Amino acid sequence: MQNKKLPIRKIVSYLNNDESEGGGFWLPNIQRPFVWGEEQIGRLFDSIMREYPISTLLIWKTKEEVKHRKFIDNYHYGIRLTDFYAPESKRSKLLVLDGQQRLQSLYIGLKGSYSGTGRELYFDILSGDVVAPEDIRYRFEFKEKGSVPWPWVRFKDIVSVNNKLDIEIAEDLSRLAPEALSTEMSRKLQKNVARARQEFVNDENISYQELDGIDNPDVYQVNDIVEIFIRANSGGTKLGKSDLLFSLLISSWDDADGQMESLLEELNKGEFAYDRDFVLKACLSVLGKGARYDVAKFRDGKTKEEIISSWEAISDAIRSVRDFVVSKTYIRSDKALTSYLALIPLIYYRYHFPQAFAKNTTLSEYLLRSLVTGVFGGSPDNLIDKIVRNIEEKQDFILNEVFGVIRADNRNLEITKDIIFQQYYGSRTIHLFFNLWYMHFDYSPALNSNGPQVDHIFPQSLLKTVKVENPESGKWNLLRYRSEQRDQIANCMLLTAEENGFDGKCAKTPEEWFALSRFQNDQERDRYLKLHLIPSDPELWKLDNFEKFVEARKLLIAEKFSHMLRSDNLKPESAT
């Protein structure tokens, strides 16, 4: 193992460059996707300018025909790693085992752009004043070229210049200023240019350990490298266990990245957030390996092969459960799916008993009540395993049996009055209650943007007009209804996008929105009021009776959920 050093600009020039020394730097397929955000990239550049160490990279030099990919120059969310696969060859190459995030950030900052809009890295050329150690001293931000005001300058224009002295570069930049610089500003500009050139161009600030698999092929074979990769990354927080497990899986399955990307892309249509972690846990559970992540499971020589051979059936089960969530419940996005892990027993059920799964009408209640009460919070791996064993024993998903397993695990499935009436406009879990509430709401939007929307019954703007006397000043300038009263679930309803649009409810009062003139007849209005649990007395729709309206509607809501509520919690709290 050799220790080497290079200037930052030089090592960046070696990325994706098979004509450079050693065959260029590349990313092995066992590496996870790039995850750093703009702020982290900015902090890296600030650290370098402050002469902070940025740790040593770990590199494998090899001629093995292993799957690898390019570094990304123009990064954006949703990027497909498979688009960056490089041709496999027996040519020499340097594969980055530890340090991807740093190198990728440097490549984006010095060669490319971020976020898919062509935004490049800019540097506040007049920053650099002494600050607290945890604060940013040298300011870096990604900005769109052509609309960036002075003193922001494109950083690559400082670092990539050749055949110019530092003072000449500084003079070129000073001419971009809208007015002549003061002596102090000129001195700061020159100092920052000199430091940037020193840290990124001249000094050998990147060090790396090279595992030479060309001169020592018996020491650094593919399996050894996977093990080194896991040990190098499992000591800190840089990789989660799912990343480590995936690195083991991908070492045996060339198309693992492509298959995983394709599945996640399909699952996440409609604003969901399924991830690799979830898929791997589902794979382990379906194959009877237990939900807990354990690297030893992937080292046993069997689990990897079982996942590969069963992938088509497993992914089909996952897709089927995702379709069930969308079509059989009112969960249409990540907003309402508070725990993806609640789906894993359903995936096991669908995989092993597909016909029973298709006929079972109790699965919606299991999912919704589990999500509402949060029984899969904390560390639910043991609970998942217990439910899976129950399904296996009964050869079916029997709701009361599953609920019994959950209760035996000391997890509470009961929905109380307090849980319901603590929901508010904008809260994540309010969507779950509306899911239960509007289970038969006949509305299937063609576009995700046209999905159902939560809206206030008494508009916020209307409630804010009600004032009370300020005891200190005597003026009537204090809001009578605070945000927690305006936003409470008893003042919220679910509307279609059309109903909540510009020509819809908008800021209409309840008297206007529930007026008989909006409906064809009394029966149509009655059905609408019943669907939304609106008290039928028109007097309660008046602003002066807001508090009475809330009290009456809470009774209707409690009655709606009475089959899930404990009997001693049916009486709602006061709205005031």
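**Exercise 1. Work out how the rings of Tyr349 and Phe353 sit: are these residues buried or exposed, and what kind of aromatic pair do they form?**

Start with accessibility: Tyr349 and Phe353 are both buried in this predicted model. Next, check the ring centres, which are 6.2 Å apart; the pairing cut-off is 6.5 Å, so they pass. Then take the planes, with 45 degrees between them. Stacked needs under 30 degrees and edge-to-face over 60, so call this pair tilted. Finally, zoom out: Tyr349 and Phe353 belong to one aromatic cluster that also has Phe324, Phe357, Tyr366, Phe376 and Phe397.

**Exercise 2. Find how many aromatic pairs the whole structure holds, then classify the one formed by Phe45 and Phe155.**

A search of the whole structure turns up 29 pairs. For Phe45 and Phe155, the centres are 5.8 Å apart and the planes make 90 degrees, which is edge-to-face. Now place them on the chain: Phe45 is in helix H2 (residues 38–49), while Phe155 is in the loop between strand S11 (152–154) and helix H4 (156–159). That's 110 residues apart, a link between distant parts of the chain. Both Phe45 and Phe155 are buried.

**Exercise 3. Describe how helices H10 and H13 pack.**

Grab the geometry first: H10 (residues 276–286) and H13 (residues 344–352) pack at about 50 degrees, axes 9 Å apart. The two helices are therefore oblique to each other, and their crossing is right-handed. Now list who touches: Phe278, Lys281, Ala282, Ser285 and Val286 from H10 meet Ile344, Ile347, Tyr348, Tyr351 and His352 from H13. Sorted by class, that contact has 7 nonpolar, 2 polar and 1 charged residues.

How values were computed
Residues numbered from 1 in each chain as written. Predicted model: local features only at pLDDT ≥ 70, side-chain atom pairs only at ≥ 80, totals over all residues. Heavy atoms only, no water. Axes fitted to C-alpha atoms, helices over the stretch in contact; angles between N-to-C directions. Helix = DSSP H or I, 4+ residues; strand = E, 2+ residues; numbered from the N terminus. Parallel < 35°, antiparallel > 145°, perpendicular 65-115°, else oblique. Left-handed = near helix turned anticlockwise from the far one by under 90°. Contact = heavy atoms within 4.5 Å. Nonpolar A, V, L, I, M, F, W, Y, C, P; charged D, E, K, R; others polar. Phe/Tyr/Trp six-rings, centres within 6.5 Å; stacked < 30°, edge-to-face > 60°. Buried < 20%, exposed > 50% of the residue type's maximum accessible area, 1.4 Å probe, protein only.
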